[in-house]
Amino acid sequence: MCLLGSTVLVISAAYSQSQVQAGRKLFEANCALCHGVDAKGGERGPDLTDRGDQGGRSKDAIQRTIRNGRPAAGMPPFKFPENEESALVAYVYSLTAPAAASGISGDAAAGKTFFWGKGQCGSCHMIYGRGGVKGPDLTNLGQERMLSEIELALAHPDVTPGYQVASVRLRDGRALRGFVRNESDDDLELQDFNGAFYFLRAAQIAEIKRETKPLMPAVQLSDDELHNLLAYLIAPSPPKDAPTAAEVAPIAQPGDWPTYNGQPGGNRYSPLDQINAENARKLGARWTFSIPVAGQLEVTPVVAGGLMFVTTGNNVYALDAYSGREVWHYRRNIADRRGGGGINRGVAVLGDKIFVATPDAHLLALNRVTGGLIWDAEVADPQKKYFITSAPLVAGNLVITGVAGGDDGVSSGFVDAYRASDGSHAWRFWTVPKPGTALAQTWIGGALSQGGASTWMTGTYDPVNDLLYWSAGNPCPDFNGDARRGDNLYSDSVLALKPETGELKWYFQFTPHDEHDWDAQETPMLVDAEYHGRRRHLLLQANRNGFFYVFDRITGKLLMATPFVDKLTWASGIGPDGRPKVLPGTAPTPEGNKACPSVEGATNWMSSSWNPITRLFYVETLEKCSIYVKSSLLREPGKPFVEGGGREIPGEPGKKYLRAIDIQTGRRVWEVPQVGPAASWGGVLSTAGGVVFFCDDSGAFAAVDAKTGAPLWHFHTSQNWHASPMTYRVEGKQFVAVAAGSSIIAFGL
């Protein structure tokens, strides 16, 4: 270990060790007075060893600071000969450079063999989802740590925060041993050496014995072994023999909320009844978790195995679902190019894998225990304006995602499937036909190359009948159909696909040749219920165009289509063939035409819910109209392709209603009018306790009786809602959680 303890081995392929040492001497002579001999800061200069949030400073930035100084901070410019300046830059860069930028010499393949073989490192540490959980995940070590830090940790292991070993004796007689991942005066989060979490309250604990020595012994290596191991650690390759999803036991428990909509069928209903119509008035906020984010969260939390997973942009947080305390945080650094404003609506879970899509159109798999990266698949090229905001969906051993970007000029939306085990691509279904195909005849004109029809919301899955359902968005340009005459398939449609192959079994188009931006991204909800005296497998959707639809989801047969809003002027009804009876004078014009519903839709992507006890469908609705205008703009690839819009009507503000619909008739059983700006995007949740939770347009989180709509409880958040609620049970207690503003709030009795 003769090289351990030195500042660095080799900092960069562009800098030699001699340059670094020469730079150190220059630093001591010219900079130590202000920054300290060890560069850790002094009375007049900051700490240069602090990597900060950006993971270190670039060489160019260091060079500019030396040449130009920082007069406002009292630092003058310095003029050095070129060789001395390069040496000083090399030394300062070495203080914070991530190990991955070191360019260290070594045989990474030999280091990999050592890691998984003789060194037995993999028995404790995980890389790309393979290995043990008796220590931190090392997948991203080269980006997170400096080379000197890795060397020091090998030679002189210390207790990493979150990995102090403790033996805990509980008052019920159980004895546990593992890592203290987090703690406070009131609780302790313990992870055992098999990856199981125990979220313990102070009242449960009889005794804690903390071990002061790290679990990891000092590593004794030859020079070659050290170089080889470091070369592998700073840039590891994914193992080819990673475990498959089928080999990992599922972790979901009764009372969990394991998918974006609660269950793969998307009904946003929970069988939990601890919180009910009789005691809902006793609800209170139990904890909050705030996330630094520009804008508002749109995530629905997912809970599995005692952990809650919440997301924003390129961040995933794992929380103790009981207390809201953070267990781990995964952050993915990417270039600034991204769509959707950093919006992310959540994760999917399969076994010990967490799946999340990103604003730059990647699909990631993370380890549930450590938060470490397992695989990273590029779904689409963000340079072509694709991005993803929705939560993925697990269907068997596949992970399914859609894409956004329809209004930004993408050629076509699509549904994509990836193998959960390794992220390899399984199939793709395009929602806009290729030129020359039969379906291209439904796009007459020049718009086919930028047809849109994106697939930006999470679909649903029927594991019994093995069918996947996904909705497609509006065609582009949104408000001018002159360059896309015809029905424009498969825009504004629901698609029934075979999950193994992506084969289309049936489809239904809600709004052929849509010129009002009424995409079909509302949840295609799967319900098994008696319908008109016959037990059927149904698909329900309250569509943005103002009609409520009921289908046989096996055959695709339309069983009912009826208005669920009063302000509906664009069509007089839906014919026996499923096509709308379009009324004249409602299409967009250069001068503008009034039509209802408004451009926001009679409802939108916010969640709806079905309660099998009350047999009612609950949906947030908007009674509003717009003035629809069309224009003609020069089309440019990769640019927004809208050509018009929907204007507000002076003196006709919209009004929100929570409505309960009888699916047998389409009749409204009750409704709750809301006072607010009609600008909220929050959804609905129903439970076996006879409660419907919803995001009130006034900014309150509220509960009403599921049978009657009578008010039960409310909690003002002063937020304009952009997310939908969920519920779960942990340690015997039921919670209801929702994203409000930039915080997750959990409520309980």
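This report describes selected local features of a predicted model.

## Aromatic pairs

The count of aromatic ring pairs in the model comes to 38. In one of them, the ring centres of Tyr386 and Phe414 are 5.5 Å apart and the ring planes stand at 55°, so the pair is classed as tilted. Tyr386 belongs to the loop between β17 (373–378) and β18 (393–395), while Phe414 is in strand β20 (residues 414–419). The pair therefore ties together parts that are 28 residues apart in sequence. Tyr386 has a relative accessible area of 7% and is buried. Phe414 is also buried, at 1% relative accessibility.

Ring pairs also link a cluster of residues. Its members are Tyr469, Phe479, Trp506, Phe508, Phe510, Trp518, Phe547, Tyr549, Phe551, Trp570 and Tyr628.

## Charges over rings

Arg130 is placed over the face of Trp116, 4.0 Å from the ring centre. Lys655 is placed over the face of Tyr657, 5.9 Å from the ring centre.

## Helices α7 and α8

Helix α7 (residues 147–155) and helix α8 (residues 223–234) have axes that come within 11 Å and cross at roughly 125°. This angle makes α7 oblique to α8. The crossing of α7 past α8 is right-handed.

Residues from both helices take part in the contact. On the α7 side these are Leu147, Ile150, Glu151 and Leu154. They meet Leu226, Leu229, Leu230, Leu233 and Ile234 of α8.

## Gly195, a buried loop residue

Gly195 sits in the loop between β5 (187–192) and β6 (197–201). Its relative accessibility is 2%, so Gly195 counts as buried; the cut-off for this class is under 20%.

When neighbours within four places in sequence are left aside, Gly195 is in contact with Val133, Arg368 and Val369. Gly178 is 17 residues from Gly195 in sequence, and the C-alpha atoms of these two glycines are 9.1 Å apart in space.

Ser718 and Asp360 are 358 residues apart in sequence. From C-alpha to C-alpha, the distance between Ser718 and Asp360 in space is 31 Å.

Key: Residues numbered from 1 in each chain as written. Predicted model: local features only at pLDDT ≥ 70, side-chain atom pairs only at ≥ 80, totals over all residues. Heavy atoms only, no water. Phe/Tyr/Trp six-rings, centres within 6.5 Å; stacked < 30°, edge-to-face > 60°. Helix = DSSP H or I, 4+ residues; strand = E, 2+ residues; numbered from the N terminus. Buried < 20%, exposed > 50% of the residue type's maximum accessible area, 1.4 Å probe, protein only. Lys NZ or Arg CZ within 6 Å of the ring centre and 35° of its normal. Axes fitted to C-alpha atoms, helices over the stretch in contact; angles between N-to-C directions. Parallel < 35°, antiparallel > 145°, perpendicular 65-115°, else oblique. Left-handed = near helix turned anticlockwise from the far one by under 90°. Contact = heavy atoms within 4.5 Å.
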